[in-house]
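Trainee: I would like to go through the labels used for this model and ask what each one rests on.
Mentor: Go ahead, and we will set the values against the cut-offs.

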Amino acid sequence: MSWLAQRVLVAAFAAALGALIGWVLGRELGSATPGTVVGAVLGAMLVAAMDALSGARLLTWLRGPLSRQAPQGSGYWGELAYRFERALRASEAATRQEQNRLEQFLSAIEASPNGVLLLDAGEQIEWCNGVAADHFGLDPQRDRRQRVTNLVRSPAFVTYLQGGDFREPVVFVGPGRLTLSIIVRAYGEGMKLVLSQDVTERERADAMRRDFVANVSHEIRTPLTVLAGFVETMASLPLSEAERQRVLTLMAQQTDRMQSLVADLLTLAQLEGSPRPPADRWQPMGPLLRRALGDAQTLSAGRHELQLYGGEDAELAGSETELLSAIGNLLNNAVRYTPDGGRIELHWSWRDDGGADVDVVDTGIGIAREHWPRLTERFYRVDGSRSRDTGGTGLGLSIVKHVVQRHGGEIDVQSEPGKGSRFRLTFPAARLRHRSELMAEAVAER
């Protein structure tokens, strides 16, 4: 029933009630006219009172918490209360939907690997995600409504933000010693969106690449310069047979040096360019360790005492060439940096967790602790002049690191100047097995 029909019904009921009261009064007064008038007035007053009561209830509901249910009633005020409540609930549902969308949007930004910072027209922080907080050293709650240039005071960032030219990003070192790339986008009425990206590793890789090219150029230029000088000498000066032999010997040494450098560069490029681990072929470690030690003995030419301990009972899943290269590089370094008469030991030892260690121990010149973290960098030299004198290319330990990582292991160094060094390669149990157990299983099967 519509509110208009309800109102007509209420009015008719009130009029009938008033007429009844008027008829009773007319009989008492002996005249129908005054009774009719009084009845009409009472009916009108009754309708007005009912309307006033419904209106008061609606007004009370509107003034109170709107979470309560609207007052139920008929007539105009009841219909109005129903319309109000329906519009209110629809608005609440739309608000909840928009709130959910906003939360989903902010959650997506929070999951972004880049920092997002929202600034108002006064460069005050409106909101930031966790990555931006880490980049700029901010607290997302405490620092809200704070001026960003009061918290991030890097001159490069402040100049960029206040300069207004945001066509290109700016790179600077942030509060956490991270190298950040920042780009700003203006929107709205003077508001700004600040996007930050951690480019520390990229900058470090670029620096290493530049250093690598410079080092390769330097390493190759030196023997080429020597060779060019010798060629010019032989071409322009009359030399005795002894002098010619000496010059040819030196030229051969420089040629060997370049060949070693190129070979190591190719090995390193192959290791770095192969994302897959080596084929899981079981390599008996006894023969492999003996071969590596034999090569080191040839390089030593009797100037050092070399010993091998263990490894006969072990097999390792991997590449024989790569493993021989890694262990051989460690032994060659030990020979080069151990004075004549020194001792070099190659150890294989099983670990309690089923893994194994390969240790190369020498009594050489040793390495100061501050150099340890950088030893596996390409072309890093503790003593550049001494390294070149001993014939090293500066790539050996970098090759060792890549080989052991491709086999799931780690490299560790312990050294002290004047007391020698210990280089350890640790391999996981998943790549190892005991040959004795394998033979026992074969006998049992027979």
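Trainee: Why does serine 154 count as buried?
Mentor: The model is a predicted one, and in it serine 154 has a relative accessibility of 16%. Buried means under 20%, so at 16% serine 154 counts as buried. Serine 154 is found in the loop between helix H5 (148-151) and helix H6 (155-163). Leaving out residues up to four places away in sequence, serine 154 touches Phe172 and Val173.

Trainee: What makes glutamate 123 buried?
Mentor: Its relative accessible area is 8%, and the label requires under 20%. Glutamate 123 is therefore buried. This residue also lies in a loop, the one between strand E1 (115-119) and strand E2 (125-128). Beyond four places in sequence, the contacts of glutamate 123 are Gln146, Arg147, Val148, Thr149, Leu161, Gln162 and Lys192.

Trainee: Why is the pair of glutamate 123 and arginine 147 called a polar contact?
Mentor: The distance joining the two side chains is 3.4 Å. The limit for such a pair of N or O atoms is 3.5 Å, so the pair at 3.4 Å qualifies.

Trainee: Which label does arginine 424 get, buried, partly exposed or exposed?
Mentor: Arginine 424 has a relative accessible area of 27%. Buried means under 20% and exposed over 50%, so 27% makes arginine 424 partly exposed. The residue belongs to strand E12 (residues 420-427). Apart from residues up to four places away in sequence, arginine 424 touches Asp357, Val358, Asp359, Glu410, Ile411 and Asp412.

Trainee: How do you know that arginine 424 and aspartate 359 are joined by a polar contact?
Mentor: Their side chains are joined at 2.6 Å, and the cut-off is 3.5 Å, so the pair counts as a polar contact. In sequence the two residues are 65 apart, while their C-alpha atoms are 4.5 Å apart in space.

Trainee: What about helix H10 (residues 320-336), and how far apart are its end C-alpha atoms?
Mentor: They are 24 Å apart, and 17 residues at 1.5 Å a residue should span 24 Å, so this agrees as well. The buried residues of H10 include Leu324, Ile327, Gly328 and Leu331.

Trainee: At what angle do H9 and H10 pack?
Mentor: The angle is about 35°, with the axes 9 Å apart, and the crossing is right-handed. Among the residues making the contact are Leu288, Leu289 and Ala292 of H9 and Leu323, Leu324 and Ile327 of H10. By class, the contact comprises 12 nonpolar, 2 polar and 2 charged residues. The buried residues of H9 pack against strand E6 (281-284), strand E7 (305-309), strand E8 (314-318), H10 and strand E9 (343-350).

Trainee: Why is helix H12 (residues 396-406) called largely enclosed by the rest of the structure?
Mentor: Of its 11 residues, 9 are buried, so the description follows from that count. The buried residues of H12 are Gly396, Leu397, Ser398, Ile399, Val400, His402, Val403, Val404 and Arg406. Their cover includes helix H8 (241-272), H10, strand E11 (410-416) and E12. Glycine 408 follows H12 and has a positive phi, near 75°.

Trainee: Is the crossing of H10 and H12 left-handed or right-handed?
Mentor: The crossing is left-handed, with a packing angle of about 145° and the axes 9 Å apart. Residues in contact include Ala326, Asn329 and Leu330 of H10 and Ile399, Val400 and Val403 of H12. The classes here are 7 nonpolar, 4 polar and 2 charged residues.

Trainee: How many helices and strands does the protein have?
Mentor: There are 13 helices and 13 strands. Of the 446 residues, 34% count as buried. Among contacts between residues at least 6 apart in sequence, 57% join residues at least 24 apart.

Conventions: Residues are numbered from 1 along each chain as its sequence is written. This is a predicted model: local features need pLDDT of at least 70, side-chain atom pairs count only at pLDDT 80 or more; totals for chains, interfaces and linings use all residues. Side-chain values use heavy atoms; hydrogens and water are left out. Helices (H or I, at least four residues) and strands (E, at least two) are DSSP runs, numbered from the N terminus. The expected span of a helix is 1.5 Å times one less than its number of residues. Buried means under 20% relative accessible area, exposed over 50%, partly exposed in between (1.4 Å probe, protein chains only). Contact means heavy atoms within 4.5 Å. A polar contact is a pair of N or O atoms within 3.5 Å; within protein, one must be able to donate a hydrogen and the other to accept it, and residues adjacent in sequence count only if both atoms are side-chain atoms. Axes are lines fitted to C-alpha atoms, for helices over the stretch in contact, and angles run from 0 to 180 degrees between N-to-C directions. A crossing is left-handed if the near helix is turned anticlockwise from the far one by less than a right angle, and right-handed if clockwise. Ala, Val, Leu, Ile, Met, Phe, Trp, Tyr, Cys and Pro count as nonpolar, Asp, Glu, Lys and Arg as charged, and the others, Gly among them, as polar.
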